[in-house]
Amino acid sequence: MTSHDQHQKTKENLDSNSLDKEPTNLISGSLIPEHKNNIDDGTNESDSEVEVHVNTYNLKLTFVGNANVGKTSIIYRFCEHKFEPENIISTISVAYNKIKLKVDPFTELDMQVWDTAGQERFRSITRGYLRGSNGIFIVFDLTNKQSYDDVQSWLDEIKNGDVDPDCVRMLIGNKLDADNKEVDVNEVNKFCEENDIKFLTVSAKNGINIDTMFEIMGNACAKIIQEKEKENENDELNNEKNKNEQNISLNIELNEENNNNIDVNKNNSNTKKERCC
Ligand SMILES: Nc1nc2c(ncn2[C@@H]2O[C@H](COP(=O)(O)OP(=O)(O)O)[C@@H](O)[C@H]2O)c(=O)[nH]1
Ligand SMILES: [Mg+2]
């Protein structure tokens with residue numbers, strides 16, 4: 001079974017003219033459960049029905065890298081399962097694709113995959129393009145050393161951009177199928193280990209590792225968001241606990257104050273009695 005078979009993938013939407021538009025259903029930076037599905041276990045008996053909660057999470061994934069490294073081809077291969085020659089791919093201007101990826105029976109990723117529209121030629125990736133990314137693919141061409149040498153400047157661009165510190169960065173060496181490679185993969189591995197960046201070599205042409213790169217990225221983003229959700233839950237629990245503790249100590253103080261008042265009243269009434277007699 002291929003990884004493609006294991007992970008059910010559905011393409012929902014192809015928007016070719018909306019680079020400047022923020023996708024309306026995108027909730028950036030957080031993994032938000034969208035719906036719960038009831039899945040019939042096949043017995044059709046209501047008392048033996050198993051209720052499976054499927055969490056759907058929204059992710060924004062963006063691509064950067066020099067022109068001609070194969071960004072559009074990678075997205076096209078992932079979404080359309082095809083590779084198109086140069087003259088066709090250059091006319092395909094995808095702004096973003098919406099793809100669903102089922103990672104397990106309980107988790108579904110709703111991925112907005114954003115492509116550059118040629119602006120990388122001028123190093124003018126807008127802040128809005130990267131803003132709200134859960135994951136960024138930095139692509140270079142294994143047959144073009146310059147495209148790898150420029151990776152650092154793309155990383156700087158991300159660092160100086162409006163990008164969440166938790167955003168997952170993944171380096172992609174494309175054109176694995178080609179013979180005339182110029183980049184030493186061992187060097188890249190070392191660089192990525194030192195900089196805590198994921199790295200994968202792929203080929204948009206023959207499809208090697210294309211699904212895998214999205215699965216790795218999707219899972220890494222999902223994990224981060226789930227951890228954030230857990231942290232938020234813990235914060236809420238701690239807040240609740242602190243509130244209860246504060247209430248308890250306030251009650252104790254009030255009780256002590258009441259007791260003091262009672263004592264004072266007692267003393268007062270004693271004094272009165274003494275005078276009376
Ligand atoms: N051999 C090979 N060529 C590729 C591969 N991916 C893309 N290309 C070619 O590289 C050129 C640039 O591809 P494109 O997707 O337009 O790059 P982009 O500018 O980064 O979006 C085109 O001629 C593609 O046919 C690949 O995996 N292997
Ligand atoms: Mg392109």
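**Loops, strands and core of the predicted model**

Asn209 is found in the loop between strand S7 (198-201) and helix H8. Helices (H or I, at least four residues) and strands (E, at least two) are DSSP runs, numbered from the N terminus. The model is a predicted one, in which local features need pLDDT of at least 70 and side-chain atom pairs count only at pLDDT 80 or more, while totals for chains, interfaces and linings use all residues. Residues are numbered from 1 along each chain as its sequence is written, and chains are lettered from A and ligands numbered from 1 in the order in which they are written.

Asn209 has a phi near 65 degrees, a positive value in a residue other than glycine. Most residues other than glycine have a negative phi. Asn209 is buried, because 21 other C-beta atoms lie within 10 Å. A residue is called buried if 20 or more other C-beta atoms lie within 10 Å of its own, exposed if 12 or fewer, and partly exposed in between, with C-beta atoms placed from the backbone.

Confidence was examined next. The predictor's confidence in each residue is given as pLDDT, from 0 to 100. The mean pLDDT of the protein is 78, and 72% of its residues reach 70 or more. Over residues 1-6 the pLDDT is below 50, and this stretch has five contacts in the model beyond near neighbours in sequence. Two residues are in contact if their C-beta atoms, placed from the backbone, lie within 7 Å. Residues 13-43 also have pLDDT under 50. For them the model has 52 contacts beyond four places in sequence.

The secondary structure comes to eight helices and seven strands. Of the 277 residues, 28% count as buried. Among contacts between residues at least 6 apart in sequence, 73% join residues at least 24 apart.

Several strands pair with one another. Pairing requires that DSSP finds at least two bridges between two strands. Strand S2 (residues 55-64) pairs with strand S4 (residues 107-114) in the parallel sense, over eight bridges. Lys60 has Gln112 as its bridge partner in S4. S4 is mostly covered, with six of its eight residues buried. S2 is also joined to S5 by four bridges, and these two strands run parallel. Here Phe63 has Phe137 as its bridge partner in S5. S5 in turn pairs with strand S6 (residues 168-174), again in the parallel sense, over seven bridges. Asp141 is bridged to Asn174 in S6.

Strand S5 (residues 135-141) has seven of its seven residues buried, so it is largely enclosed by the rest of the structure. In a regular strand the side chains alternate between the two faces of the sheet. Gly135, Phe137, Val139 and Asp141 point one way from S5, and Ile136, Ile138 and Phe140 point the other way. Residues of both sets are buried.

A nonpolar core is a set of buried Ala, Val, Leu, Ile, Met, Phe, Trp, Tyr and Cys residues joined through C-beta atoms within 7 Å. In the largest such core, which has 42 residues, Phe137, Ile138, Val139 and Ile172 touch the most other members. Helix H8 (residues 210-276) gives the most to this core, with six residues. Leaving out residues up to four places away in sequence, Ile138 touches Val64, Gly65, Val151, Trp154, Leu155, Arg169, Leu171 and Ile172.

The buried ones are Lys71, Thr72, Ser73, Ile74, Ile75, Tyr76, Arg77, Phe78 and Cys79. His81 follows H2 and lies in the loop between helix H2 (71-80) and helix H3 (86-89). Its phi is positive, about 55 degrees, although His81 is not a glycine. His81 counts as partly exposed because it has 13 C-beta neighbours inside 10 Å.

Helix H7 (residues 185-195) is hardly covered: among its eleven residues the count of buried residues is zero. Asp196 follows H7 and has a positive phi, near 55 degrees. Ile197 is in the loop between H7 and S7. With 16 C-beta neighbours inside 10 Å, Ile197 counts as partly exposed. Beyond its neighbours within four places in sequence, Ile197 is in contact with Arg169, Met170, Leu171 and Cys192. Ile197 and Val168 are 29 residues apart in sequence, and 8.0 Å apart in space, C-alpha to C-alpha.
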